[in-house]
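Here is a short report on one protein chain. Look at the structure first, then read on.

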Amino acid sequence: VTKNGNDELGNGSISSPFATIEMALEEASNIPTDQTVIIQIMPGIYNENLSITRPKTILRGISGAATGTVINGSITIVPESVQGGVYNSIFAFEDLMVLTSTSDASLFEFSGIREAYIRMRNMKFFSNAGATKGLVFSSTSEYKSQLNLENVDIKTAGIALSLSNIDGFTRGYFAAESVSDSAVTANNSKF
């Protein structure tokens, strides 16, 4: 994906990339879920609210730094059903910044009745809007998910990190800061 790409004429290849992450996700939904899909995103600001259901999906910024590839919007994951447990439902995010100025929103939200493994590396989440949540992870008590954060920065006006029914939480460097609310809340989650 690149800002100079074309959603109508592009095919998602290096020589003919898409212009939006949404189009790359739509194309990825046609690939069998036993295969991992890596969506490489060139530096730039992408004004998108992304909804991801396909397991084994990786969004990766190319710049090598979380500030070069920016998603101005949000990311929501509601995983579709897959066989084989948590490691067959992997979602990964690398070298991206997600920001918003919309209040009463989440920068990143995982929810649903399916289990998943979510990995984030070299990520920044920022909001200057009131009551915005940073990362929200919730599963049902029957299907618990796992979360791995490495070099993740979260700065919001609301709750920076909210966990509910998360079975495993591992982290490297991790910073959560909230201007007006609690930085981290956890309900029925293991650390």
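## Paired strands

Strand β5 pairs with strand β7 (residues 90–100) in the parallel sense, over 3 bridges. Strands are DSSP runs of E, at least two residues long, numbered from the N terminus. Two strands pair if DSSP finds at least two bridges between them. Val70 has Met97 in β7 as its bridge partner.

β5 (residues 69–72) also pairs with strand β2 (residues 44–46), again parallel and over 3 bridges. Here Gly44 stands opposite Thr69 in β5.

## Model and confidence

This is a predicted model: local features need pLDDT of at least 70, side-chain atom pairs count only at pLDDT 80 or more, and totals for chains, interfaces and linings use all residues. Residues are numbered from 1 along each chain as its sequence is written, and side-chain values use heavy atoms, leaving out hydrogens and water.

The chain has a mean pLDDT (the predictor's confidence in each residue, from 0 to 100) of 80. In all, 74% of its residues reach 70 or more. Strand β14 (residues 174–178) has the lowest confidence, with a mean of 57.

Which strand holds Leu59? Leu59 lies in strand β4 (residues 57–61). Leu59 counts as buried because its relative accessibility is 0%; buried means under 20% relative accessible area, with a 1.4 Å probe and protein chains only.

Leu59 and Phe93 are 34 residues apart along the chain, yet their C-alpha atoms are separated by 4.9 Å. Beyond its neighbours within four places in sequence, Leu59 is in contact (heavy atoms within 4.5 Å) with residues including Ile21, Ile39 and Phe93.

Terms used:
Helices (H or I, at least four residues) and strands (E, at least two) are DSSP runs, numbered from the N terminus. Buried means under 20% relative accessible area, exposed over 50%, partly exposed in between (1.4 Å probe, protein chains only).
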